[in-house]
Amino acid sequence: MADGQIGAGRGDSGSQALDRGVPPQKILRRAAQLVARGWCQGAVARGKGGREVLVTAPSARKWCLAGAIMRAVHELSIQHGKRCGASCLCWSRQWGAFFGESAPGLGWAVDWNDAKERTGNQVVARLRQAAKNCPEGQN
């Protein structure tokens with residue numbers, strides 16, 4: 001996958017925005033905005049007609065929890081003049097700090113987002129709460 005393109009698959013991607021000075025609170029708030037615009041399950045992002053697309057695709061209209069974070073990392077890395085192309089691993093290592101989970105990781109985010117009883121409003125609320133809970137000075 002080319003540098004700057006973020007995953008079509010659930011575990012493909014992200015950025016080192018965390019390590020490059022983009023505040024996690026900003027990323028989490030942007031992810032909440034994206035999910036508030038449109039939320040999905042079973043894919044990182046969906047376009048018109050529910051078709052699965054890359055999280056960075058101009059046609060993307062809905063995002064899952066992980067997909068919204070990946071898209072936010074991509075957008076904010078570009079705004080800060082950084083290249084986006086490293087692994088989402090840096091984020092998956094931070095899930096516990098942001099979401100208060102005992103077994104953090106990307107798999108948790110996918111499972112939590114895709115639970116049958118989950119709603120988009122719950123995902124937005126969780127992202128906003130994570131932004132508030134984010135340790136100060138966490139870069």
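The protein exposes about 6,600 Å², and carbon and sulfur atoms supply 46% of that area (Shrake-Rupley method, 1.4 Å probe). This is a predicted model, where local features need pLDDT of at least 70, side-chain atom pairs count only at pLDDT 80 or more, and totals for chains, interfaces and linings use all residues. Residues are numbered from 1 along each chain as its sequence is written, and side-chain values use heavy atoms, with hydrogens and water left out.

Let's start with the overall layout. The protein has 6 helices and 2 strands, taken as DSSP runs (helices H or I, at least four residues; strands E, at least two) and numbered from the N terminus. Along the sequence they follow the pattern α-β-β-α-α-α-α-α. Of the 139 residues, 53% count as buried (under 20% relative accessible area; exposed means over 50%, 1.4 Å probe, protein chains only).

Now to helix H6. Spanning residues 120-133, H6 reaches 20 Å from its first C-alpha to its last, close to the 20 Å expected at 1.5 Å a residue (1.5 Å times one less than the number of residues). Gly-120, Val-123, Val-124, Leu-127, Ala-130 and Ala-131 are buried in H6. Seen down the axis, these buried residues fall within an arc of 125°, so they line one face of the helix (the arc uses directions from the axis to the C-beta atoms). Asn-121 and Lys-132 are exposed on the face turned away from that buried side.

Finally, two arginines have their charged ends over the ring of Trp-112 (CZ of Arg, or NZ of Lys, within 6 Å of the ring centre and within 35 degrees of the ring normal).

| Charged residue | Ring | Distance to ring centre |
|---|---|---|
| Arg-118 | Trp-112 | 4.0 Å |
| Arg-126 | Trp-112 | 5.1 Å |
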